[in-house]
Amino acid sequence: MGGTPADDEQVAFPPQALRDYALLADGERGALVGPRGEICWLCAPRWHDDSVFSTLIGGPGLYSVSPSGRFVPGGHYESGSLIWRSRWVTGTGIVECREALAFPGEPGRLVLLRRVLARRSEARVRVLLRPVAGYGTTPLRNPRCEDGVWTARLGASYLRWSGGSGARLSPSGAGDGFVLDLVLDAGERHDLVLELSTAPPQGPPVDASRAWAATERAWADAVPALDNTIADRDARSAYAVLRGMTGSDGGMVAAATTSLPERAEEGRNYDYRYVWIRDQCYAGQAVAAAGAHPLLDDAVRFVTARLHADGPRLAPAYTVDGGAVPDQRELRLPGYPGGYGRVGNHVNQQFQLDSFGEALLLLGAAARRGRLDADGLRAAGIAADVIERRWREPDAGIWELDDRAWTHSRLICAAGLRRMAGVTPDDPRGRRWARTADTLLADTGARALRPDGCWQRAPDDSALDASLLMPPLRGLLPADDPRTRATLRAYRRELTDGCHAYRFRHDDRPLEEAEGAFLLCGFVMALAEHQQGHHVEAHRWFAHNREACGAAGLYAEEYDIAQRQLRGNLPQAFVHALMLEASAVLADDGPR
């Protein structure tokens, strides 16, 4: 007995290993593309809104462009961009699909470009378009074709699809969709343009050639050469990912997806389609290490605005337009295998002290690059005042755990205060900030230092933590400080495996059974070894973690070293940020 078309699509396009996906992004939203040409994840109109395509986590929405018959998939990004070329070697030739979200994007309107090319011999391609809004609950309404262009309503959005004049409607339990069979002669191409907007489309449909040309120019202008790094091609790729995940308000989402499990059936499924202040600051500091590039200004703009708006009530995370993160809730979807569907995030209930320290580090980095204006300096004053009033309070910390007096939170705040004091030597507040930094360091040193001389996670927890490698890298302590060296030695001994690093020990299980290697920590180790003058070791750490990506060069949060698989939401922005920073810093031959 045959199933519905939607059922058949679920069978034909099952979830793939995360390493097989590529990202399309325009700053306002992102899409994941799988090896069979399936766009299996896209939320619209912006990152935090409901999905339109969701087969990645078990929903019915899908947009695929796939060769008929047998093929071997592949693909690559065009240099310094998020323009992706899916490439399939078939039994008779080569078929490609060039695809991108028109860049830069508009908050209320997306344009998805797909150009099918027959490279050798005739190509037969099937196109399936079945958008379903509301995480699979709201199908298309009133589809109609006029002058070869399809239009329809999709929830509160308006859909227009060009290039599908020969498509037929394919109804199913998930609602109407379109099926288009293309036959292209060798060398022929065919353009498909999908528009989704919050307002009725105005004027003629998008001209594909003009949209492609504009997108190419915009990416060329957006991504710098970064030839002052040790891996300029990968550094440019990381920068492109960070730019693609940064919206018009300057906010950079932590990841493009939700509900991709960090560990199968461990309950660690989260929604990262929001702007974490900490992650935004990491990205800004990484860019500052490479130069005074526009993404530094974006990070400063977003963080400054949030500090001015919310002050002591600064949330750990926001929507990309600066709104509140919604409460966490479960979806009625099967989820990615090993996980389950979840949107929203409980981080909206947390106080994270380290966010204020990271904000000061970002603003200080901008000042060193001559990119901090009066608004930014006032924002620094706001963050410093909060630290001075609240540093004794417990907080959720960098890993968002139970509220405690986390050592990293206090040390990174001291580092931020000291950095801002260093860039405002003639400001009386700078001298006060330096004194406060000294107080935090002395108090934390008296309460959170182990007998062996290394930092411990909290006054009541003598375990190690990767985050304790960060404060010296941010200038709080010199490389030759005994606490810096003792902590690095102990961490290297207790929380690393080869050149793979872990955050902390969860329990008595072997490290790799509790969670995947944390890629951010691997790049932090490269920076820490470099700071010590251990250049060979630093480059070894960089090289090993640089390779822990998928076929498209995207990094997830974690890397399962036993199965050599990516784990967690994809792509994870802060990993790309630290890869970029390490690539820039390691280009310096001397100790940092």
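Which residues is Tyr 63 in contact with, leaving aside its neighbours within four places in sequence? They are Gly 37, Glu 38, Ile 39, Phe 53, Leu 112, Arg 114, Val 127, Leu 128, Leu 129, Trp 161, Leu 192 and Leu 194. Contact here means heavy atoms within 4.5 Å. This is a predicted model, in which local features need pLDDT of at least 70, side-chain atom pairs count only at pLDDT 80 or more, and totals for chains, interfaces and linings use all residues. Residues are numbered from 1 along each chain as its sequence is written, and side-chain values use heavy atoms, with hydrogens and water left out.

**Confidence**

- The mean pLDDT of the protein is 94 (pLDDT is the predictor's confidence in each residue, from 0 to 100).
- Of its residues, 96% reach 70 or more.
- Over residues 1-5, pLDDT stays under 50. For that stretch the model has six contacts beyond four places in sequence.

**Nonpolar cores**

- A nonpolar core is a set of buried Ala, Val, Leu, Ile, Met, Phe, Trp, Tyr and Cys residues joined through side-chain atoms within 4.5 Å.
- Buried means under 20% relative accessible area, exposed over 50%, and partly exposed in between (1.4 Å probe, protein chains only).
- The largest nonpolar core has 191 residues. Tyr 63 and Trp 161 have the most contacts inside it.
- Helix 16 (residues 573-585) gives the largest share of this core, ten residues.
- Another core lies apart from it and has nine residues, including Ala 254, Trp 276, Ala 317 and Val 325.
- In soluble globular proteins, nonpolar side chains tend to be buried together.

**Helices**

- Helices (H or I, at least four residues) and strands (E, at least two) are DSSP runs, numbered from the N terminus.
- Helix 16 has 13 residues and reaches 18 Å from its first C-alpha to its last. That is close to the 18 Å expected at 1.5 Å a residue, where the expected span is 1.5 Å times one less than the number of residues.
- Helix 16 is mostly covered, with 13 of its 13 residues buried.
- His 530 sits in helix 14 (residues 519-531). It counts as buried because its relative accessibility is 0%.
- His 530 and Asp 588 are 58 residues apart in sequence. Their C-alpha atoms are 9.2 Å apart in space.

**Salt bridges**

- The structure holds 47 salt bridges. Each is a side-chain nitrogen of Lys or Arg within 4 Å of a carboxyl oxygen of Asp or Glu.
- Asp 26 and Arg 29 form one, with the closest N and O atoms 2.7 Å apart. Asp 26 and Arg 29 are both buried.
- Arg 546 and Asp 234 form another, at 2.6 Å from N to O. Arg 546 lies in helix 15 (residues 535-546) and Asp 234 in helix 4 (residues 232-244), so the pair ties together parts that are 312 residues apart in sequence.
- Arg 546 counts as partly exposed, at 25% relative accessibility. Asp 234 counts as partly exposed, also at 25%.
- Glu 388 bridges to Arg 432, with the closest N and O atoms 3.0 Å apart. Glu 388 lies in helix 8 (residues 374-390) and Arg 432 in helix 10 (residues 428-447), so this pair ties together parts that are 44 residues apart in sequence.
- Arg 432 is partly exposed, with a relative accessible area of 30%.
- One network of salt bridges with shared partners joins Glu 78, Arg 85, Arg 87, Glu 96, Arg 98, Arg 119 and Glu 216.

**Strands and sheets**

- Two strands pair if DSSP finds at least two bridges between them.
- Strand 6 (residues 71-77) and strand 7 (residues 84-90) pair antiparallel over seven bridges. Val 72 stands opposite Val 89 in strand 7.
- These strands 6 and 7 form a hairpin with six residues between them. Gly 80 in the turn has a positive phi of about 65°.
- Strand 15 (residues 178-184) is largely enclosed by the rest of the structure, because five of its seven residues are buried.
- Strand 10 (residues 123-130) runs antiparallel to strand 15, joined by seven bridges. Val 127 stands opposite Leu 180 in strand 15.
- Strand 14 (residues 168-169) pairs antiparallel with strand 15 over two bridges. Leu 169 has Phe 178 as its bridge partner there.
- Ala 517 stands opposite Tyr 559 in strand 24.
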